[in-house]
Amino acid sequence: MAQSSPIMTRTVRRQPLSSRLKGVAGLLLAGGGTTLAPHAAAELDPVLFAQLQERARHHASEPYVPADTTLPEALQTLDYDGHRDIRCPPASFLWADSDRPFRLQFKHRGWLFGDEVKLFTAEPDTARVAPLPFKPGRFTYGPLALEKLDPAALPEGLGYAGLSLHRVGPVDRDGQETYNEIMSFQGGCYFRAVGHGQHWGASVRAVAIDTALAHPEEFPRWAELWAQPPAPGDPTVTLYGLMDGPSVAGAYAMVVTPGTPDRPTLSVDVTSRLYFRKPVEKLGLAPITSMFLFGEATPARHGDYRPEVHDSDGLVLQHADGSLDWRPLRNPPHLAVSRFKMTDPRGFGLVQRDRNFNHYEDLETEMQIRPSVWVTPRHFHQAASADADAAPVAHTGRKPWGDGWVELLEIASDDEGIDNIGAYWVPAHADELGAGSVVDLSYRLDFTREARPENRGGVIPWASTRTVLGDGSADSNAQSLVRTVVLDDADGRPVGRFLIDSAPDTALPSGTIVRADVSIGRGELVKQPTIQYNRFTHSYRLFFDVRAEGQEPVELRATLRGDAGQALSETWLYRWDQP
């Protein structure tokens, strides 16, 4: 969604990933970073969270009631510019004129944001939850908005579309406080966040229900959001969310640690309990959504002057043993879903690894500083009923996530304003969940510019993948390294040439033996892979030719290994859709 904030000026109208999946049928199934500095342990108020869990449990015990989308006609007819012309100024923020380190900005309903989100303050000392009623006086209405509506005629019970969280910054030269918008809740059960020096990009959802199946996906929403007032000097702020949908209701506590110049990453510690009204076919946990239009593998698509356009350029998976997989993102010719089986994952995320401005050349959207979103699992427990579940209200211990898979969704797109990438965890035994079942879940979300939050083994990360089409010439001299798809003389089967480069300054000392381990699914290598040392970037280039078998997509894997067979690099994964 488009955002208005002091750190972002964006004209692109972003539509969430879920809006692309209604009615979808017939799908084809199929990192070197540094360790983030630790931060103060995040806490939530167990009494408030217990109240929220009871509200979620009660919601799940009753028939689902859809969101109130009733709006005055004037708000229904607002366009993008008219809705942006309604603003909540700093003087109207919650906790304005206080010494608290955070502020809460109210979001006005209208345009695409018809759902009402009930807002509350939640006091931990008294366990009192008080509503924040709609007041037109919290907003200014500019000329584009006033062409359509009269603020005085808006109903008292209109409610809000969501909220934004701001961190109070240093005073400016006029002695006025400054504000940095760091988090936004608006639409469905989404929220977005940015760390210090970042630009809005990928977003997350509370949960994904039946995503990328032959029947329409469910769209749970934030029914209520509670803001716990921070004390002066608090480094964190806690928000609570009541999520509701046709199949599941949930209580979420989100402890937010904003980014700072010393630790630019923004972290959200999420603790949740889900109550199921009925079984679901697919349960997606810790979902991330992003955008990938084109990158170095398919440069300058759609007549665009920019070399690359994406919020994220790859999926990183970290297994229980610390090994790492890197899957470059694609804008495929058709909707595609890939599953990556894992047991007790250490983490996964949609990563923006390329931080070079010259690879984007966009002064407005600043894609080189879009955040990577990394999920660190902490606790997972499911039970047939709440009565049978002995887990504490606010679990603090770690229980591994067990068996399951990370699912990667890639949707064909020609519009950078549309989120077309999704990644989420699917627990292996979620099909056992039925009416009355509960799931306890906790994890940390990092919105970061780190190449990857954790790389304890120091393995070589992959940086770029190139598969530019050639002309199919049979002349061996014409089949140079820049021509990546030719036709096999024998039977006309397509042959793809793949070139993958490691990150700069990752080559090992001279004399180190480095071998290529390449495996192909639904295809075969034409000849042995070649490794080249790039003396200009002190990195490696691996290239190889693959002959396809049949018409199905070809699955590729590549790893650099040492003389004893040990992994020296991430495992590169790729899906080749034949021309």
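Cys88 is buried, at 6% relative accessibility; buried means under 20% relative accessible area, exposed over 50%, and partly exposed in between, with a 1.4 Å probe and protein chains only. The model is predicted, so local features need pLDDT of at least 70 and side-chain atom pairs count only at pLDDT 80 or more, while totals for chains, interfaces and linings use all residues. Residues are numbered from 1 along each chain as its sequence is written, and side-chain values use heavy atoms, with hydrogens and water left out.

**Cysteines**
- Cys189 is also buried, with a relative accessible area of 1%.
- The structure holds 0 disulfides, a disulfide being a pair of cysteine sulfur atoms within 2.5 Å.

**Whole chain**
- The protein chain has 579 residues, and 57% of them count as buried.
- Its 4 helices and 37 strands are DSSP runs numbered from the N terminus: helices are H or I with at least four residues, strands are E with at least two.

- Ala212, a residue other than glycine, has a positive phi near 60°.
- Ala212 sits in the loop between strand 13 (207–209) and strand 14 (221–228), and is buried at 4% relative accessible area.
- Glu366 is not a glycine either, yet its phi is positive, about 50°.
- The loop between strand 24 (347–351) and strand 25 (372–383) holds Glu366, which is partly exposed at 27% relative accessibility.
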